[in-house]
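Have the sequence and the model side by side as you read.

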Amino acid sequence: MRPLLASRPVLWFLFLFNLLVAAVAPFAADGAQAVLTVVGMGAVALGAGVSLYRTRGRAARRPPARRGGEWPEADDV
């Protein structure tokens, strides 16, 4: 599950979808429900955005793929 959640398309989806929901929540709900929705969705969007920012140059720094199309493990490099 970790490689799926760390993939860039999934991170972009989490970032944009949760940011959109956090922006629309005050118009769709009232009171404490809207506040908690904004806080929760904003936290997930912030986490995905930070992950996107931290991994932005990692793909360019990867060594070429080995035979079989697999990337080397961190301790193999």
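## A walk through the chain

Met1 is exposed, with a relative accessible area of 70%; here exposed means over 50%, buried under 20%, and partly exposed in between, with a 1.4 Å probe and protein chains only. The model is predicted, so local features need pLDDT of at least 70 and side-chain atom pairs count only at pLDDT 80 or more, while totals for chains, interfaces and linings use all residues. Residues are numbered from 1 along each chain as its sequence is written, and side-chain values use heavy atoms, with hydrogens and water left out.

Met1 sits in the segment before helix H1 (2-5). Together with Leu4 and Leu5, Met1 forms a nonpolar surface patch of about 340 Å² accessible area. Such patches join nonpolar side chains (Val, Leu, Ile, Met, Phe, Trp, Tyr) within 5 Å, or like charges within 9 Å, from residues with over 30% relative accessible area and no salt bridge. A salt bridge is a Lys or Arg side-chain nitrogen within 4 Å of an Asp or Glu carboxyl oxygen.

What does the chain hold overall? It has four helices and zero strands, in the order α-α-α-α. Helices (H or I, at least four residues) and strands (E, at least two) are DSSP runs numbered from the N terminus. Of the 77 residues in the chain, 16% are buried.

Now to a helix pair. Helix H2 (residues 8-28) packs against helix H3 (residues 31-54) at about 155 degrees, with axes 8 Å apart. That makes H2 roughly antiparallel to H3, a label for angles over 145 degrees on a scale from 0 to 180. The H2 and H3 crossing is left-handed, meaning that the near helix is turned anticlockwise from the far one by less than a right angle.

Leu14 lies in helix H2 and Gly42 in helix H3. Leu14 is partly exposed, at 25% relative accessible area, and Gly42 is partly exposed, at 26%. Each has a partner in the table.

| Pair | Separation along the chain | C-alpha to C-alpha distance |
|---|---|---|
| Leu14 and Ala48 | 34 residues | 6.2 Å |
| Gly42 and Phe15 | 27 residues | 8.9 Å |

Conventions. Areas by Shrake-Rupley, 256 points an atom, 1.4 Å probe, with all protein chains shown as cover. Parallel < 35°, antiparallel > 145°, perpendicular 65-115°, else oblique.
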